[in-house]
There are 2 protein chains.
Amino acid sequence: MSDLLSEKTPIRARHIRPGEGQAVEMKTGQLLQIQTLQGKQVADFVAFTQGDTDEFLSTSVTRATNSSIVPRPGMTLYSNRRQPMFEIVEDTVGRHDMLYACCDPVRYEMLGAPGHASCRVALTEALTGYGIDYDRIPPPINWFMNVAILQRGELEIREPLAEKDDYVVLRALKDVIAAVSACPQDLVPTNGSNPTDLAVRVYRDEPLPSPPEKEDGQASAERAGAAAAPVVAINRTARPARLRDTAEATVYRVE
Amino acid sequence: MSDLLSEKTPIRARHIRPGEGQAVEMKTGQLLQIQTLQGKQVADFVAFTQGDTDEFLSTSVTRATNSSIVPRPGMTLYSNRRQPMFEIVEDTVGRHDMLYACCDPVRYEMLGAPGHASCRVALTEALTGYGIDYDRIPPPINWFMNVAILQRGELEIREPLAEKDDYVVLRALKDVIAAVSACPQDLVPTNGSNPTDLAVRVYRDEPLPSPPEKEDGQASAERAGAAAAPVVAINRTARPARLRDTAEATVYRVE
């Protein structure tokens, strides 16, 4: 359970099964929590400005403005107009992807699985009511996706480091439509070869309890370790160490 | 001079000064050459399908489909619909960027230089006649841009490895509108702190001479060395070796 959110009640909550997508509206200052419910599950995430969907979350502007390919707590996520859209408030994992496109029907055709569910289609369906079609789904942030970069720039998809109940929390810096899909990829290790469910919750912009500090040494150390884990893989055979085996948090009830 | 193109006459040629952009139309099979004219100059590159500009070159799909962040000869560049748009035919440098957004007016405001020319505006102006506005400029491929990735995923902009007359050649795999800007960034090392001119040429889809092999050992070795240069920087102080000091090719006359 999130330190910041543990005493609060969400104003919106969604349970997302693999291959499904959900869109939620958020006002400036509201918090979005994206959480794994069983374990190693990737959440493809896109967002648009309410009332002006030509502005959307841009991974390329976010990478460029932060000089980083790795989302980290405190980082601002930017739009295609280089305007702040979100701040990353909490992150229990420290390993996410801002490089990969959504999986899509052509990707699955290439993998010999035509007709397979995909994030691109799931997000399109979730955003249909906002007039956003397939071609306008931008490159996503893939929360919990674990991509190693090898020395010549090769990308290698590995099992997520996320375990059951891991999560990220984002604060909206403008009024947005956020959409999340639970990646249905079961042919490569994207989701630990076993796609599972996600929870998405929106919380009001109310005074929050201060994040715990000294008394939460173990969790803080784990988080710092995760945030510092190398993204770059020097040795093809070396795998990043598992950061922690489990999280004991209670599953939050969702609608 | 390009081995493949040395005996051919371009059907379109453009000279691009820093802060300017140019769009050229290409039919399937035609070749596009993007060349530095003085030296360490980045070329921001975007492309759209003729007659259906909702389809455009996607760096995120290109990275995902190739499992690589580094453009290399033989690589296919894909659209947002995961359809082939270009093949990389030649590359005399081997170091380019597919991570950074175009520089834009907000970027220069952040750098204390409001009103500075930018690639985003230059590409928008070049594409105005095709109904493509500022918000629809996709993440570019930044030819000749040299970005090192440090171990925690930090990005570091370095001087381009490209020297005078270095180039890339792309073959169009569908009918496209390609647009190139000469990056005017002079506040960070993107263009070796000295933006200079580019040439862009389109060649017909005619039978091409075979690429030289054994008899061009020196150049081939240089190219192989460039293609193999690590993208990932392990040591902040280690800089990649200069690949070659000069190229003796004649400057091609452009319109």
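Which residues of H3(B) are buried? In this predicted model, the buried residues of H3(B) are Cys119(B), Arg120(B), Ala122(B), Leu123(B), Thr124(B), Ala126(B) and Leu127(B). The helix spans residues 119–127 of chain B and is mostly covered, with seven of its nine residues buried. Its buried residues pack against three strands of chain B, namely E2 (21–26), E4 (43–49) and E12 (176–182).

## Confidence and overall composition

The model scores ipTM 0.85 and pTM 0.85. The mean pLDDT of chain A is 85, and 80% of its residues reach 70 or more.

Chain A contains four helices and 13 strands. Of its 255 residues, 58% are buried. Contacts in chain A between residues at least 6 apart in sequence can be sorted by separation: 78% of them join residues at least 24 apart.

## A helix at the meeting of two chains

Helix H1 (59–66) of chain B is largely enclosed by the rest of the structure, because six of its eight residues are buried. These are Thr59(B), Ser60(B), Val61(B), Thr62(B), Arg63(B) and Ala64(B). Against which elements do the buried residues of H1(B) pack? Their partners belong to both chains: H1 and E10 of chain A, together with strand E6 (76–78) and strand E8 (141–143) of chain B. Just after H1(B), Ser67(B) takes a positive phi of about 50 degrees.

## A hairpin in chain A

Strand E9 (residues 146–149) of chain A pairs with E10(A) in the antiparallel sense over four bridges. Within this pairing, Ala148(A) has Glu156(A) as its bridge partner. The hairpin of E9(A) and E10(A) has five residues between the strands, and Gly153(A) takes a positive phi near 90 degrees there.

## The largest pocket

The largest pocket has a volume of about 560 Å³. Its lining consists of 37 residues, and those nearest its centre are Phe56(A), Asp135(A), Pro138(A), Phe56(B) and Asp135(B). Strand E5 (52–56) and helix H1 (59–66) of chain A, with strand E5 (52–56) and helix H1 (59–66) of chain B, are the elements that give two or more residues to this lining.

## A tyrosine in helix H2

Tyr108(B) lies in helix H2 (residues 105–110) of chain B. Is Tyr108(B) buried or exposed? Tyr108(B) is buried, because its relative accessible area is 0%, and the cut-off for burial is under 20%. Leaving aside residues up to four places away in sequence, Tyr108(B) touches Cys103(B), Ala113(B), Pro114(B), His116(B), Ala117(B), Ser118(B), Pro184(B), Gln185(B) and Leu187(B). Tyr108(B) and Gln185(B) are 77 residues apart in sequence and 8.9 Å apart in space, C-alpha to C-alpha.

Ser193(A) and Phe144(B) each have a positive phi although neither is a glycine. The table sets out their values.

| Residue | Phi | Relative accessible area |
|---|---|---|
| Ser193(A) | near 60 degrees | 46% |
| Phe144(B) | about 75 degrees | 0% |

Ser193(A) lies in the loop between strand E12 (176–182) and strand E13 (198–203) of chain A. With a relative accessible area of 46%, Ser193(A) is partly exposed. Phe144(B) is found in the loop between E8 and strand E9 (146–149) of chain B. Phe144(B) is buried, with a relative accessible area of 0%.

How values were computed:
Residues numbered from 1 in each chain as written. Chains lettered and ligands numbered in written order. Predicted model: local features only at pLDDT ≥ 70, side-chain atom pairs only at ≥ 80, totals over all residues. Heavy atoms only, no water. Pairing = 2+ DSSP bridges. 1 Å grid on protein atoms, 1.4 Å probe; cavity = no way out; pocket = protein on both sides within 12 Å on 5 of 7 lines; lining within 4 Å. Points joined across faces, edges and corners; volume = space filled by probe spheres on them. pLDDT = per-residue confidence, 0-100. Buried < 20%, exposed > 50% of the residue type's maximum accessible area, 1.4 Å probe, protein only. Contact = heavy atoms within 4.5 Å.
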